[in-house]
Every structure is written in C-alpha cells, then in structure tokens.
Amino acid sequence: MGRVVTVTPNPAIDISYHVAGITPGASHRVESPISRAGGKGLNVARVVHQLGYPALALATAGGTTGAELATDLRASGVPHRLVPVAAETRRSIALVDTVGGETSIFNELGKPLEPAEWQALAAAVVESLESGKRTGVIVASGSLPPGAPADFYPAIVRLAHDAGIPAVADTSGPAIIAAARAGADLLKPNHHELLEATGESDLEAAAKRLIGEGAKTVLVSAGAEGMFAFHHAAPGGYWSARLPEALSGNPTGAGDAAVAAAAVVLAAGNPDIRTMLRKATAWSAAAVLMPAAGEISPLYADLEQQLILNWKETP
Ligand SMILES: O=P(O)(O)OC[C@@]1(O)O[C@H](CO)[C@@H](O)[C@@H]1O
C-alpha cells in the first residue's frame with residue numbers, strides 16, 4: 001500500500017485540559033495538562049502510523065511553539081517533514097469537562113505565512129511525490145491561516161491527480177468549496193462546517209451541493225448521530241453509520257481519525273464507500289475514548305462490528 005501523505009499548513013500545539021466540572025467564570029485547577037503536536041493533518045498521520053500503515057506528515061513550524069511541535073513530533077516516531085516559517089505556530093486548547101461530558105475547543109487562527117513559505121510547502125508535497133517511496137493518497141487538512149492563497153488546497157488536489165492518486169481535503173469555510181471544485185476524491189467536513197460553508201440549512205442538501213460542485217465522496221461527521229456518506233455515483237440516496245449508543249469522551253480529533261481510516265482505504269486502492277464509512281465511523285468512535293487527539297483506542301475493531309449501517313433513498 002502507498003503511504004498516506006498529509007499536508008497541514010496551520011498546525012498547532014494542542015493543549016488538553018481535563019477538568020471534573022467546568023463552571024464558566026470560575027477558576028479551575030488542572031491536574032494533568034496534555035500538550036502535543038497537533039493540527040488535523042498531524043493527527044491523521046499519527047493515527048495512520050499508530051495502526052501500522054505508512055505515513056508522512058508535512059507541516060509548517062515557526063517560533064517557540066514550532067520548536068515544541070518539532071520536538072514532540074520527533075518523539076512520536078511519525079515520519080514527517082517540517083517547513084520552517086517565520087510566524088509562530090498557533091495553539092489550540094480543548095477543555096474537556098469529565099463530569100458534564102462537554103468539550104469546548106479554542107482554536108487560535110494562526111498567523112499569515114510568506115508567499116515563499118507557501119511555495120516551500122507545495123514544493124515539499126511535490127518532492128514527497130517524486131521521492132522513491134510510493135504515495136497512495138494525499139490528505140490536505142485543517143483550517144488555513146489568515147491570508148492563505150485561495151488556491152492552495154485546489155493546487156494540492158491537482159498535484160495528487162497529476163500523480164494519478166486520490167486527494168482528500170478536511171477543512172472549513174470557502175476552502176471546502178474550492179477543494180470540491182478541484183474534484184477532491186473525499187471531503188470530510190463535520191455537520192456544522194458543512195452547513196456553514198455551503199450556506200444550506202439541511203445536511204443532505206449541503207452534501208449534495210459539494211458533490212454537485214465536483215467532489216467524488218462527502219463523509220459528514222455528526223457526533224452522536226454517527227456519520228453520513230454521499231457518493232457522486234449514487235445520487236439516489238446516502239449511507240449512514242452509527243453505534244447503537246453514542247460514546248462519551250473527548251471528541252477532539254475524532255474527525256481526523258475518520259479521515260485516517262478513509263485515507264488508508266483510498267491508499268489501498270479500495271474506494272468502496274461502505275468499507276470507507278464503516279472504518280471511518282469505527283476509528284472516529286475509538287478516538288473519542290482517548291484523552292487527546294491523534295490516537296485511537298484498540299477497541300476500534302470491536303466498535304466496527306457493532307455499527308448499524310443504513311441506506312436512505314432520497315427523491
Ligand atoms: O483550526 P482547525 O485546523 O480547523 O482545527 C485545529 C484543531 O482543533 O483540529 C484538531 C482536531 O481535529 C486539533 O488537533 C487542532 O488543533
């Protein structure tokens with residue numbers, strides 16, 4: 001199987017605070033803060049690597065947080081290449097209420113990159129494709145920092161297609177529409193990102209809009225409701241998958257685990273939508289059981305056995 005190459009222009013140092021009972025306006029003590037290299041594409045590469053599949057993470061890194069990100073990534077053993085940038089790498093904070101069951105996420109926007117830094121990141125993608133190692137899929141993940149070139153993710157999709165391999169994009173805002181128009185093989189927005197980016201009020205209409213724009217498959221993660229899969233060759237309906245009972249835990253990175261699963265399926269040259277949906281839903285649920293993003297519980301295979309899969313015909 002070819003490796004999964006992930007591209008993360010706007011990575012983050014992810015800080016997770018687990019607190020038993022969060023009261024807005026109150027002061028809280030945090031016993032065991034977790035701090036690690038994050039950002040969607042790094043989480044995808046971590047999960048792919050954890051499950052023993054080949055991965056390469058490409059990302060930017062700058063300033064002290066960038067140095068911290070580099071140290072943590074090195075320690076993780078995930079194969080990676082970091083493009084040095086002048087701007088300080090951002091932080092993202094997840095507040096997990098272990099009693100209330102709610103998680104709140106605070107994503108810094110990130111700082112603008114220089115045009116030469118964007119070119120260096122794109123060049124790293126080209127070099128990964130030209131290296132002797134076979135790449136099976138390219139995954140472009142995460143929000144873009146302010147001032148990012150609108151064409152960056154579409155350009156990544158084109159690079160993948162020129163190399164004859166599929167491209168996945170997991171992002172938000174106008175970048176999702178741009179990736180769809182470039183013909184991305186898979187888009188994986190969450191429910192809220194999907195409605196926000198398309199301006200639709202209904203999940204099905206919104207996903208079909210992305211297919212209409214040019215995306216081949218749209219996987220929508222919808223928390224406790226599970227996951228929905230729309231495919232361009234099956235316009236008469238969509239698949240859904242969910243567990244009999246939703247799991248509680250830390251949902252940060254659950255979507256990235258879903259992307260990791262879908263990327264492994266695509267890289268193996270088996271783009272069957274049901275296989276992709278099953279694996280993506282199970283890995284995503286297994287991520288909720290872990291304290292921080294970028295890893296999944298070994299229970300993922302058991303969870304896959306429990307899934308309820310449905311095909312819904314639509315007019
Ligand atoms: O600002 P983005 O890129 O949309 O989200 C960033 C982020 O919250 O997403 C990951 C979880 O999916 C975290 O590791 C990370 O910091």
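This is a predicted model: local features need pLDDT of at least 70, side-chain atom pairs count only at pLDDT 80 or more; totals for chains, interfaces and linings use all residues.
Q: Where does the ligand sit?
A: The ligand takes up the space of the largest pocket.

Q: Which elements give two or more residues to the shell around it?
A: Those are β2 (12–19), α1 (40–50) and β6 (90–97).

Q: And which residues come nearest?
A: There are 13 residues around the ligand. Asp14, Asn43, Asn107, Ser143 and Asp256 come nearest.

Q: How do the shell residues divide: nonpolar, polar, charged?
A: The shell has 1 nonpolar residue, 8 polar and 4 charged.

Q: OK, contacts. What is asparagine 107 doing?
A: A side-chain N or O atom of asparagine 107 is 2.7 Å from an oxygen atom of the ligand.

Q: What about aspartate 256?
A: Its side chain has an N or O atom 2.7 Å from a ligand oxygen.

Q: And glycine 39, backbone or side chain?
A: Backbone. A polar backbone atom of glycine 39 is 3.1 Å from an oxygen atom of the ligand.

Q: How much of the ligand's accessible area does the protein cover?
A: The ligand has 400 Å² on its own, and the protein covers 92% of that.

Q: New topic. How many aromatic pairs are there?
A: The structure holds 7. One of them joins phenylalanine 228 and tyrosine 238.

Q: What is the geometry of that pair?
A: Edge-to-face. The centres are 6.0 Å apart, with 65° between the planes.

Q: Where in the chain are the two residues?
A: Phenylalanine 228 is in strand β12 (residues 227–231). Tyrosine 238 is in strand β13 (residues 237–242). They are 10 residues apart, and the pair links distant parts of the chain.

Terms used
Residues are numbered from 1 along each chain as its sequence is written. Side-chain values use heavy atoms; hydrogens and water are left out. A residue is near a molecule or strand if one of its heavy atoms lies within 4 Å of it. A polar contact is a pair of N or O atoms within 3.5 Å; within protein, one must be able to donate a hydrogen and the other to accept it, and residues adjacent in sequence count only if both atoms are side-chain atoms. Accessible areas come from the Shrake-Rupley method with a 1.4 Å probe; for residues, only the protein chains shown count as cover. On a 1 Å grid over the protein atoms alone, a cavity is a set of points where a 1.4 Å probe fits but cannot get out, and a pocket is an open set with protein on both sides within 12 Å along at least five of seven lines; lining residues have an atom within 4 Å of a point. A molecule sits in a cavity or pocket if more than half of its atoms lie within 2 Å of its grid points. Helices (H or I, at least four residues) and strands (E, at least two) are DSSP runs, numbered from the N terminus. Ala, Val, Leu, Ile, Met, Phe, Trp, Tyr, Cys and Pro count as nonpolar, Asp, Glu, Lys and Arg as charged, and the others, Gly among them, as polar. Rings of Phe, Tyr and Trp (its six-membered ring) pair if their centres lie within 6.5 Å; planes under 30 degrees apart count as stacked, over 60 as edge-to-face and the rest as tilted.
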